[in-house]
Amino acid sequence: MRCARRPTKTGRAVQKGYFGPLAPPYNVAMRVSPLLALSAIVSLFLSVTVRAGVAPFDLAGPNLEVTVTRHHETLPISDVPNLSVGDHLWIRADLPATQSERYLLIVAFLRGATNPPPERWFHGCSTWEPQCARQGLTLTVPRGAEQVLVFLAPQTSGDFRTLVGAVRGRPGAFVRTSQDLNQATLDIARLDRYLDAIQSLEVNAPERLKVAAPKLARSLAIKVNTKCLQRITQLQAPCLMRGGQSLILNDGHSTSIVDALTSGPASALAMEASYTPQLSYGYYSPYIASVIDIARIFSSFTTAQYEYIPALAAQHGDVLALTLNTPPSFHDPKSVLVTALPAIEAPELPPLHAVNPQQSFCIRRKRLILPVEGAPLVFSTNYAHRMRLRLTEANGHTIDLPAWADAEVGGFVVDTRPLRGTQFRNAVDGVLHGDWGFSRYQGPRLRLENASAAGWSVATPGDAAVIVGRDDSIRLTAPSLSCLKSIAVRDSAGTERSAHWTAVYPNQVKVQLPLKDAPPGPLTVLLNQFGTPAPVRVPLDAYSVPASLDSFVLHAGDSQGMLKGSRLDEVARLTIDRVVFIPGALKTRHGVDHLTVTAQEPKAATRLKAGEAGVVRVQLKDGRVLTLHGAVAAPRPSVVLMAKSVYLSGSAAPSHIHLGHGNELPQFAQLTFSVRAVAPMVFDQDESIQVATTDGLYSTTLSLTNGGITLENQQVAIATLDPARAFGSSAFGPLQFRVIDEGVKGGWQPLATLVRLPQLHRLVCPATPKLACKLTGTDLFLVDAIANDSAFQHAVQVPDGFPGYALPVPHPANGKLYVKLRDDPSVVNVATVAVDQLPAPHTAAPRKVHAVAHQKARQTTVALKTPAGKTPAAEKLLSTPSGSEHSGSEPSQSAASPPLSAPAAPSAQGPKAGEGAQASAAATPGAPVDAAGGKAAPSPAPTQKRTPSPPPASPSPAAAPPSGPQSPTVSPRASSSPARLRAAPAA
């Protein structure tokens, strides 16, 4: 029988909104608009074969009403994933009453790319005629057909014959169109379902996004950026919806339904693009290739009368709401709307399976959720309908429970209310089944369990006794934990407290017992389960046990001691020889509590002498006092630093930096220091010295056995440290050391400051003092700042992460530069590098030419980073152009002066031209070089006219006309401001 069509569900009603009557008309377009982000890429791929880029499907088109009848059963088109031979189709165009343009409704059956369909497989009716407007077309799927296309063509002379000839002339183009439109429709349905769920959660329950988003992604095969879930609640939803079609992952099932194949160079490029960061990594749906193929087919397939416009069909019951990506034209060539119905093929059943096949579910939950995955179309379409969960009762009868797919919970939701009064065994197998289109479908088998009061017990019988006064824990075992609802604890006074529990194994739960305020006596653990009115009771015994003391250790001269025992959380204070200690950090190791106690008056504690015995009185929080016999232990081992020296290895490359403080230790140097024993008074074979950075990241131990310590005599030891070998190349900063004697550790003492030195190779300076010099070297990122005065008033600040090999620096004063190292910027060091002085120019240019070039040189500047804490003063920009000559007393620049620029921090896209080492100076006069040090291609010669001048007596680099880019200049600043470097643009 034919299902009743709802007369109120007209095209106008559906166009009120894709997802509800209150949605604006453009909601349809908003769900397909992710194509906008892809259109730019697609237009590049198809620039040869496609006349225009792919536009987004954002235009609302007309609606079609479609039902399918098979074996006396009628379903709306939204319930049918595939058609079959002999199916009866009813198709009607739902056009508004005010429709002025007359459309011809044509349905065409196709049978392959190389086999044109016969003319009898084309059916049409005039939508403006009453019979077609009311009854539409009723067709039967012929034998041999594989695809169905629906056309809405404007009325013209010979319209039907023209369209039949076009399809029969190029059947392959329309076969592929049917596949691509079906693929895009299925994938967009998944994306729409995901976006709708995220928007609904954002409005109604934003706090649920963190839990629901991963389940939505798993159910719909959508890629979710997990970093979005770490943002604040208000920013999670916009972040999760960013990315458009790049969120759609390939699920395999929808691809197999439409058999969408990709081919051709443009498609290959597009699929490669889907792996790029711009489209977010992942193997995405053929939706990308489908859009390309649709654009390729219809952009090149145009006749004198018709051009073809693809239309995506969103399924809502028996209505197909069409959306377009091109405005229809009613001038020649007129626009024909083309959409596809499901393919004619054998049903492709969804490959659903349980997320965790070993997991059990409680059959007595009021709202049973069964997590499944593997078939996103089950969650995004209505193809799987009339779903049920079939169970078998204890008496052998079967019962079917209603079930429906919910992507937000990540599975099927089952209504268990019909189970009231039924009896089941402890373990039950449930099977999901229903209809997939017209086909019967049996889904995965899942394990369910019934609530049981038997089998609950304490995991370890000896753990049945617990201690009150503090929170305790216990483990319980049961046949299954799937029906466990909550746990409470009832004490001997009848007070019930809720207990937190965690499942540690499928049949074992760890319960945190809140016993801090509970009295001693019998306890009862109450286990509440779904479907059972009375809780399961597990009896326990609660005892009150005071703290027990094992030992107390206090070294002479210390203000902290260590108390060992049990239940030391009850300790309020400790007293020995009238010195009061208060409790600090409590740790438990191997069942023994270790409590650190600190003297209220540290000076009084240091007066206690080693060997003094006394009674240790420990007062508990409840007022009781426990005693323990103790004695003050010998003082901790200690030494005093006598002297130290630094030996620079001859094999190390020279850095040309002279350290300005004796406490600094170069990384590739060797530190030798001597210590004198204080306690004990002499060294023994078991003593060692530990050297570490103050942050604790790097540490090494020097001893007599490994050769790190040599005894001068019984009281003096010489220790040798090789930082590069002991710590590696990344250690820096203050070093400290302490002595260790038989496992007892002394106090830390400062040793030195470890610094890493850059290697300074060459300093090239122009003749003009106002122009910056070029300093080359390696590991220049280890420099914090460099200046030509010890006050660093004109300093060059090196940015963090500087990767270059050259720096612009001021002219040295008296042959010296002053350097602050990044590892110890508080110390000013001196650098002495031999200066390569460039010769001064010997020719001058006309003043007019100089003025024009000088104006160009002022157009672009590159400023060095101003050191923190200094305010730049007003500066005078003095730029000298390259490629022109000077006359008179005006400042001039040698043609061989190196082009320099300020160092710049690296960016994610790599260094730009003119930044850092990318704008290095020429290694030889007049020849600019690139960042790697090689010579760059010379710039074109200047076009300005030159005033003839007599040639030099002999050729020299200084007299050669410049051809490279202009060099930057250092603009003078006020005495309190750092220097700034000015870079003129390249000629």
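Visitor: Let's start with Phe379: buried or exposed?
Guide: Phe379 is buried, at 6% relative accessibility (buried is under 20% relative accessible area, exposed over 50%, partly exposed in between, with a 1.4 Å probe and protein chains only). This is a predicted model, where local features need pLDDT of at least 70, side-chain atom pairs count only at pLDDT 80 or more, and totals for chains, interfaces and linings use all residues. Residues are numbered from 1 along each chain as its sequence is written, and side-chain values use heavy atoms, without hydrogens or water.

Visitor: And what about Phe412?
Guide: Phe412 counts as buried too, with a relative accessibility of 1%.

Visitor: How many aromatic pairs are there?
Guide: The count is eight (ring centres of Phe, Tyr or the six-membered ring of Trp within 6.5 Å; planes under 30 degrees apart are stacked, over 60 edge-to-face, the rest tilted). One of them is Phe174 with Tyr308, an edge-to-face pair at 5.6 Å centre to centre with 80° between the planes.

Visitor: Which parts does that pair tie together?
Guide: Phe174 is in helix 6 (residues 171-204) and Tyr308 in strand 8 (residues 306-316), so the pair ties together parts 134 residues apart in sequence. Helices (H or I, at least four residues) and strands (E, at least two) are DSSP runs numbered from the N terminus. Phe174 is buried at 1% relative accessibility, and Tyr308 is buried at 3%.

Visitor: Back to Phe379 and Phe412: what kind of pair do they form?
Guide: Theirs is a tilted pair, 6.4 Å centre to centre and 50° between the planes. Phe379 sits in helix 12 (residues 377-380) and Phe412 in strand 16 (residues 411-415), 33 residues apart.

Visitor: Which residues do ring pairs link into a cluster?
Guide: Phe151, Phe174 and Tyr308.

Visitor: New topic: which ring does the charged end of Arg111 sit over?
Guide: The ring of Trp121, 5.2 Å from its centre (the rule asks for NZ of Lys or CZ of Arg within 6 Å of the ring centre and within 35 degrees of the ring normal). Lys820 has its charged end over the ring of Phe792, 4.6 Å from the centre.

Visitor: How many bridges join strand 34 to strand 37?
Guide: There are 10, and the two strands run antiparallel, with strand 37 covering residues 669-679. Leu641, for example, has Val675 in strand 37 as its bridge partner.

Conventions
Pairing = 2+ DSSP bridges.
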